[in-house]
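Please have a look at the model below, and then we can walk through it together.

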Amino acid sequence: MAEESPGDASRYMQPCPSRCKAHHRNHGRCRRAKNRVVSAFMRATQYTCMLLSYLIERKAGKKKLVTKLKQLESSMSSGRKMFRLGNMVHALVAARRTTQLPDVVPRFCLTASNLTRALYFICDAVLWLKSVGLQPDVDKMKWRNWATKCYYVSLLLNLARDWYEISWRLEEAVQEEKTKENLLWDTYSQELNGVKCDSLHGVFHLLFQILKKHPPLLLDLMKNLCDLSGPLDTLGIYKTNPGVIGFCGVLSSLVGILTLASPHLKLKQ
């Protein structure tokens, strides 16, 4: 049998382990990104149906349309549950990543938020097993209450992180205001010129300027506040109606889709 020549092409037919691993990681990221996009659009559709059905349910001759909208809303809600296992894994991976953050406050808030979010997905998976008849003995109300509480705590922790980001930027802006006579002001400082930081109006003006200069922080704050309407109503802390929950859900979903389409608008962890 002839010996293999140094230039034999069979040498290059062997797979490169590092290249294969990189391809596998990239494929996994791409698949997770696609799942998040699909889930985000399904969420937006679900809350749009909730809002529309609330707006037209009292109008004459719209009963069939309202029924169809509610059926579509239910279908979107059930369809989103297909992504719960992947979301739970993503939350646990995110929790592991945020434990490496250097700043103690974001590290605690984001890690705890991701862990409670993973618990929420576990509770939601149990509710799904109940809905498809695999676990008929599950106490639906108890598990739903636990899921809502986990989601509520996760949102509060996210809002705490947002406030931390805002507070240190406020403090930084106040220090700049106090030293404006001794420093060469940049464009951002000039916008704050003449504002009295010790007044309520001055604080709100600074807050407006900070959120204006940091769109990712503004979008994250808006999304968390909108998401809060659902658990507040379910837990009886602040009762509202499906119209408000639907509107907040649509707005939150649009922000989520925007940050997926433009990652630079997502607040960095």
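Predicted model: local features only at pLDDT ≥ 70, side-chain atom pairs only at ≥ 80, totals over all residues.

**Packing of α3 and α4**

- Helix α3 (residues 84–98) packs with α4 at an angle of about 160°, and their axes are 8 Å apart.
- Angles over 145 degrees count as roughly antiparallel, and α3 and α4 are therefore roughly antiparallel to each other.
- The crossing in which α3 passes α4 is left-handed.
- On the α3 side, the contact residues include Met88, Ala91, Leu92 and Ala95, while Leu110, Leu115, Tyr120 and Phe121 are among those from α4.
- Sorted by class, this contact of α3 with α4 has 11 nonpolar, four polar and three charged residues.

**Aromatic pairs**

- The count of aromatic pairs comes to three.
- Tyr120 and Tyr151 form a stacked pair, at 5.1 Å centre to centre with 25° between the planes.
- Tyr120 lies in helix α4 (residues 104–131) and Tyr151 in helix α5 (residues 140–178), so their pair ties together parts that are 31 residues apart in sequence.
- Tyr120 and Tyr151 are both buried.
- Trp143 and Trp146 have ring centres 5.2 Å apart and planes at 65°, so this pair is edge-to-face.
- Trp143 and Trp146 are three residues apart in helix α5, which means a separation of about one helical turn.
- Trp143 is partly exposed, at 22% relative accessible area, and Trp146 also counts as partly exposed, at 39%.
- Tyr120, Phe121 and Tyr151 are linked into a cluster by ring pairs.

Definitions and conventions
Residues numbered from 1 in each chain as written. Heavy atoms only, no water. Phe/Tyr/Trp six-rings, centres within 6.5 Å; stacked < 30°, edge-to-face > 60°. Helix = DSSP H or I, 4+ residues; strand = E, 2+ residues; numbered from the N terminus. Buried < 20%, exposed > 50% of the residue type's maximum accessible area, 1.4 Å probe, protein only. Axes fitted to C-alpha atoms, helices over the stretch in contact; angles between N-to-C directions. Parallel < 35°, antiparallel > 145°, perpendicular 65-115°, else oblique. Left-handed = near helix turned anticlockwise from the far one by under 90°. Contact = heavy atoms within 4.5 Å. Nonpolar A, V, L, I, M, F, W, Y, C, P; charged D, E, K, R; others polar.
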